[in-house]
Amino acid sequence: MKHDVTDKDLRIVSRDLRKLIIETTHHAGMGHTGGSLSEVEILAALYFRVLRGLNPGGAEDPKRDRFILSKGHATPGYYGILALRGFFPVEELMSFDSLGSRLQAHPDMKKTPGVDMSTGSLGQGLSCGIGFAAAAARDESLGGFVTFVLMGDGEMQEGQVWEAALYAGSRHLPGLVAIVDANGLQLASTVSDSSNPEPINAKWRSFGWMVFEADGHNPEELAEVLEAARAASKDGPAAVIARTVKGKGVSFMEGRPEWHGKAPDDSEKDAALKEILS
Amino acid sequence: MIGERIAQRRAFGRALVEMAPDYPKMLVLDPDVCTSTQTALFREAFPERFLPMGIAEANAVSAAAGLACCGFIPWVSAFSVFLAARALDQIRVSVAQTGLPVKLNAAYGGLPSGRGGATHSSVEDLAVMRSLPGMTVLCPADAVEAGAMAREAMRISGPVYLRTVRCEVPTIFEDDFRPEIGKAVVLNEGSDVAIVSEGMMSARALEAAKILKNEGLGVRVLHVGTIKPLDEAAIIKASRECGALLTVENHSVLGGLGGAVCEILAESAPCRVRRLGFPDVFMESGDDEAIFSRFGLDAEGIAEAARNLAGIEEQSGEGHEHSRNQ
């Protein structure tokens with residue numbers, strides 16, 4: 001299968017993506033800025049190193065790796081990486097969340113080029129990923145593609161995540177990689193002050209998953225770990241726990257739950273871009 | 001054979017097995033109810049195409065959507081209450097919003113749930129399912145139509161909610177009957193009053209029509225096997241030609257067939273309407289027929305409601321107790 005290794009510096013991709021996230025939510029006047037900033041390096045590593053068979057602007061390859069943004073509110077980051085990878089023009093990001101736009105508040109596979117699965121209600125993506133992986137496992141013509149599902153650590157409070165974890169783990173389902181963007185925050189509080197999913201690694205392991213851990217803001221390390229998880233997933237499901245910071249890259253957003261679903265105003269945008277581009 | 005009592009789930013299970021060779025991409029996902037919903041027949045015949053999903057409807061529905069993205073046509077076969085209520089969010093986002101060809105076999109629809117009482121009686125599911133854009137909602141009258149609709153569901157490009165009942169129901173259609181999705185069927189001609197019924201209630205509506213025929217009342221029985229898309233023309237025609245219309249459903253009177261019919265008639269062809277179904281209460285344990293009778297959902301109760309609606313009082317002058325519950 002065609003492996004879309006690009007030679008672009010992942011740190012530059014990450015910087016560009018952060019800039020687009022700030023510009024997107026600022027322009028829309030809303031959007032999930034914090035959780036988009038925490039997933040930046042994960043998306044950069046996936047879309048510029050790890051995912052096979054991408055064909056931006058062309059016909060979809062049925063053998064391509066699949067990606068599901070289960071933390072579906074983090075679309076500013078998702079659409080940003082799709083734009084940077086060439087699925088649609090970067091300028092289109094300014095239509096985010098506006099009437100008639102292909103870029104809906106939450107991912108819509110029927111509207112947005114490059115989106116493999118509609119999501120938005122937390123907890124569903126991993127189960128959808130099970131369906132993709134089960135399809136790849138039983139239909140040779142699909143070329144044994146691998147499905148990556150990105151979740152939040154707060155999302156692990158949803159019960160369906162554990163229905164999926166139990167199913168895939170107990171049945172040793174191949175071709176499925178779960179990624180946890182473990183930024184430690186959720187909408188209204190820290191994750192630890194809520195229904196705390198820690199220790200995350202031990203939970204996935206006990207459900208029968210191979211567990212990998214990575215610095216979620218080191219894109220090269222992430223690319224290596226995601227590659228390792230991709231390879232390991234031929235024997236069963238793999239989970240990559242990426243330790244991240246919500247709002248990463250903008251000092252006044254980092255670690256602040258209030259930036260979960262908030263857009264920067266004009267001066268905040270300028271300050272944020274200054275930090276990101278410095 | 002007409003009149004023979006057969007369980008729809010049996011017909012459904014058989015239809016899956018019979019269709020399987022024609023649809024190599026068809027799969028069955030089972031949240032641990034296959035011996036009840038009769039997809040165990042499929043498990044026996046095509047074990048490699050049968051996915052035991054454990055007692056986890058939400059995971060099963062979303063996984064089915066993922067499979068459907070990759071060219072498979074999955075049936076999720078479960079109790080209707082645990083699809084329409086428990087897995088509603090998954091059906092809404094992963095299945096209806098995407099328009100994927102996920103087929104939902106909603107067994108144990110309505111009251112007959114094996115004496116399951118309030119938790120297992122699925123009397124709100126039609127209201128919920130018909131409100132989802134793009135969802136086709138089917139309620140076959142008997143085993144013949146259940147099997148035929150399973151086949152029709154495979155020809156529909158999007159999602160389908162096929163609702164059957166647990167109990168045995170009398171056969172009203174000949175073996176070669178082929179339902180047309182979106183078309184109601186006139187089971188009995190008449191123009192004094194119309195009974196518009198769904199699913200297993202249509203056999204009872206026919207019985208009621210026979211009772212009333214002996215009293216000189218011409219009852220049109222319109223079987224609505226497709227709740228969505230609804231055959232609006234047939235309902236408007238019944239309203240205009242009969243002037244009075246009784247809806248009968250194995251479902252709450254809120255938002256199901258009665259609600260759907262009223263939505264159309266209020267805008268296009270108002271007439272006297274009465275809705276027969278379960279009132280706004282939770283079901284309780286007990287014999288199915290005793291509960292049906294309590295709410296006037298037996299042939300006598302339907303006949304009485306239609307009689308009253310037509311404006312002809314019962315000659316004996318004594319009404320049935322159960323009708324007062326409506």
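Leaving aside neighbours within four places in sequence, Ile179(A) is in contact with Ile42(A), Phe148(A), Val149(A), Leu150(A), Met151(A), Val240(A) and Ala242(A), contact meaning that C-beta atoms placed from the backbone lie within 7 Å. The model is predicted, so local features need pLDDT of at least 70 and side-chain atom pairs pLDDT 80 or more, while totals for chains, interfaces and linings use all residues. Residues are numbered from 1 along each chain as its sequence is written, with chains lettered from A in the order in which they are written.

A welcome landmark in chain A is an open sheet of 5 strands, ordered S1-S2-S3-S5-S4 with parallel pairing. Strands here are DSSP E runs of at least two residues, and helices are H or I runs of at least four, numbered from the N terminus; two strands pair if DSSP finds at least two bridges between them. Because S1 (66–69) and S4 (210–215) of chain A each have a single partner strand, one side of each is left without a neighbour in the sheet. S4(A) pairs with S5 (residues 238–243) of chain A over 6 bridges, in the parallel sense, and Val211(A) has Ala239(A) in S5(A) as its bridge partner. Helix H8 (residues 219–232) of chain A packs on the sheet, touching S3 (176–182), S4 and S5 of chain A.

Turning to the two chains together, 21 residues of chain B are in contact with 21 residues of chain A. On the side of chain B that touches chain A, helices H4 (57–69) and H6 (88–96) of chain B each supply at least two residues, and the largest share, 9 residues, comes from H4(B).

Terms used: Axes fitted to C-alpha atoms, helices over the stretch in contact; angles between N-to-C directions.
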